[in-house]
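Let's take a walk through this structure, one site at a time. Have the coordinates open in your viewer and follow along.

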Amino acid sequence: MPMLTPPIPLLVIVSISLFLLPAESHTGKPNLTLDYYQKSCPRFNQIMNEVITAKQTASPTTAAGVLRVFFHDCMVDGCDGSTLVASNAFNKAERDADVNLSLPGDAYDLVTRTKTALEIECPGVVSCTDILAVSARNLVKMVGGPFYEVPLGRKDGLVSLASRVAGNIAFPNMTVTEIINQFQSKGFSVLEMVALVGAHTIGFSHCSEFSKRIYNFSKASSFDPAMNPYYAKGLQMLCANYTKDSTMAAFNDVMTPGKFDNMYYKNLLRGLGLLATDQAMAKDPRTKPIVELYAANETAFFKDFARAMEKVSVYKVKTGKEGEIRRRCDQFNSLNTDTIRS
């Protein structure tokens, strides 16, 4: 029996109806739009740019710090600003989990400054989660990286538990397989993982995070033989007193530490990777071709990084009644002891 073709008017009506539906695109969240604050807070972008520029100019390490806080926030139950919440007498929040204790104060300071300015301009409108997402994007661009779209309309989460962090954030001593599995469990491919780790092209790591690579590595060598020997000896001298001074650190990218570029990947191929997990990517057959591609082609890296960041920025976001607009980014609007767990 031949299929019946719907009358043309019906096809037109269906097409128009589909066109009028909220566009989900890559976000999967119809409530997120690029112009979300156009009417409710017209000067949103201007205020964001002003505060971010002032902070980055005064403290050049802010970009790397904000990017790191953004990742740590999104990887634990989605991008919902839960890492911004401070602990209280009833709850140990995410930012006090062991792996988050080294998150830089400059990042929190920027969010606080921006939130304060926006609350004066349009109180109760802009979420802390949107502030963090846009800050990360703007700062990446400011230090030389790619621009990417950040749809807006996220709500701030209602839960922040230190106990939820373990298993969601990568540690510097993890194997490549463990990191790949962690990212894939959140829906990210190996290529996206390698691109995102390229954020290490800016920022620094504390000596305690890579000390096992440069001191008493094995009976045959004091340092990891995968490292350039001159680089390893330089780090040994730099971190000599790290056990007494926990703030001692080294730049992740020894060549261009303040510029977002593909030098990080070039360094890995020269044995100049700081963290063991990063250096291992230059040898693992699943990641080596991607490292080599990005080392040779910065445009390819920027393109893949931008796409991966767009995907991260909408990972499990809260919208509507799933969250709130916090009055202060470091605390929930109300304390509900019924939902608090240790």
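Ser82 is buried, because its relative accessible area is 0% (buried means under 20% relative accessible area, exposed over 50%, partly exposed in between, with a 1.4 Å probe and protein chains only). Before going on, a word on ground rules: this is a predicted model, where local features need pLDDT of at least 70 and side-chain atom pairs count only at pLDDT 80 or more, while totals for chains, interfaces and linings use all residues. Residues are numbered from 1 along each chain as its sequence is written, and side-chain values use heavy atoms, with hydrogens and water left out.

Back to Ser82, which sits in the loop between α3 (62–75) and α4 (105–121); helices (H or I, at least four residues) and strands (E, at least two) are DSSP runs, numbered from the N terminus. Its side chain makes a polar contact with the side chain of Asp80, at 2.7 Å. A polar contact here is a pair of N or O atoms within 3.5 Å; within protein, one must be able to donate a hydrogen and the other to accept it, and residues adjacent in sequence count only if both atoms are side-chain atoms. Leaving aside neighbours within four places in sequence, Ser82 is in contact (heavy atoms within 4.5 Å) with Asp73, Val76, Glu94, Val159, Ser160 and Arg326.

Now look at Asn252, in the loop between β2 and α10. With a relative accessible area of 8%, Asn252 counts as buried. Its side chain is joined to that of Ser205 by a polar contact of 2.6 Å. Not counting residues up to four places away in sequence, Asn252 also touches His200, Ile202, Gly203, Phe204 and Leu274, besides Ser205.

What is the geometry of the Phe260 and Phe302 rings? Their centres are 6.0 Å apart and their planes at 55°, so the pair is tilted. Rings of Phe, Tyr and Trp (its six-membered ring) pair if their centres lie within 6.5 Å; planes under 30 degrees apart count as stacked, over 60 as edge-to-face and the rest as tilted. Phe260 and Phe302 are both buried. They also belong to one aromatic cluster with Tyr264, Tyr265, Tyr294, Phe301 and Phe305, and the structure holds 15 aromatic pairs.
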